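Take a look at the fold below, then let's walk through it together.

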Amino acid sequence: MEELHKDCAYCAEGEALDAFGIKICELPMSKVILFKEQSHPGRVIVACRRHVDDITELTKEERAQYIEDINRTALCLHRVFHPDKINFGAYGDTMHHLHVHLVPKYKDGYEWGDVFAMNPHRTALSDAEYEELVRKIREAL
């Protein structure tokens with residue numbers, strides 16, 4: 001199922017992925033990645049396990065499973081972080097690998113009522129704090 005590209009951060013993982021994320025786990029059709037920039041506590045990326053540019057390139061079954069993985073991850077974020085809303089962003093203008101940002105939003109938090117910034121460089125955590133977030137999300141998934 002997995003089609004990999006060595007120059008793609010989501011496929012190759014390693015240093016390219018480490019620059020912005022930490023892999024939490026794999027689900028049937030996706031990889032769940034903690035976004036290191038945590039201005040929105042609990043922000044993750046759900047990247048397709050296949051290297052495709054667009055959701056229309058998936059089979060009907062793959063697409064259904066990918067959406068199920070996104071939903072499972074969103075339910076997890078609601079349980080763990082209790083956001084007021086989760087924003088879903090699928091862009092891919094520069095990263096040509098299907099992925100969706102799940103961005104928990106909080107009424108009294110950063111950017112409430114506004115579109116989330118892709119990478120505001122506001123909130124970085126310690127290694128221990130990242131490890132704790134990864135553990136909480138992994139356990140809830």
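**From helix to sheet to core**

The buried residues of α3 are covered by, among others, β1 (21-27), β2 (30-35), β3 (44-48), β4 (85-89), β5 (99-105) and α4 (127-140). Before going on, keep in mind that this is a predicted model, where local features need pLDDT of at least 70, side-chain atom pairs count only at pLDDT 80 or more, and totals for chains, interfaces and linings use all residues. Residues are numbered from 1 along each chain as its sequence is written, and side-chain values use heavy atoms, with hydrogens and water left out. Helices (H or I, at least four residues) and strands (E, at least two) are DSSP runs, numbered from the N terminus.

Start with α3 itself, residues 60-81. With 22 residues at 1.5 Å a residue, this helix should span 32 Å, and its end C-alpha atoms, 31 Å apart, agree with that; the expected span is 1.5 Å times one less than the number of residues. Which residues of α3 are buried? They are E62, Y66, D69, I70, T73, A74, C76, L77 and F81, where buried means under 20% relative accessible area, exposed over 50% and partly exposed in between (1.4 Å probe, protein chains only). Seen down the axis of α3, the buried residues fall within an arc of 160°, so they line one face of the helix; the arc is that of the directions from the helix axis to the C-beta atoms. On the other side of α3, you'll find K60, E61 and A64 exposed. Just after α3, H82 has a positive phi of about 55°.

Now for the sheet. It is open, with 5 strands in the order β1-β2-β3-β5-β4 and antiparallel pairing (two strands pair if DSSP finds at least two bridges between them). β1 and β4 are the edge strands, each pairing on one side only. On average, neighbouring strands here are turned by 25° against each other, direction ignored. As for burial, 7 of the 7 residues of β5 are buried. H99, H101, V103 and K105 point one way from β5, while V100, L102 and P104 point the other way.

How do the helices sit on this? α3 lies across β1, β2, β3, β4 and β5, running at about 20° to β5. α4 packs on the sheet too, touching β1, β2 and β3, and its direction makes about 15° with that of β1. Contact means heavy atoms within 4.5 Å; axes are lines fitted to C-alpha atoms, for helices over the stretch in contact, and angles run from 0 to 180 degrees between N-to-C directions.

In α4, the buried residues are Y130, L133, V134 and I137. They cover an arc of only 100° around the axis, which puts them on the same side of α4. They pack against β1, β2, β3 and α3, whereas A128, E131 and E139 are exposed on the face turned away.

The largest nonpolar core has 27 residues, and I24, L34, V44, Y66, L102 and I137 have the most contacts inside it. A nonpolar core is a set of buried Ala, Val, Leu, Ile, Met, Phe, Trp, Tyr and Cys residues joined through side-chain atoms within 4.5 Å. Its largest share, 6 residues, comes from α3.
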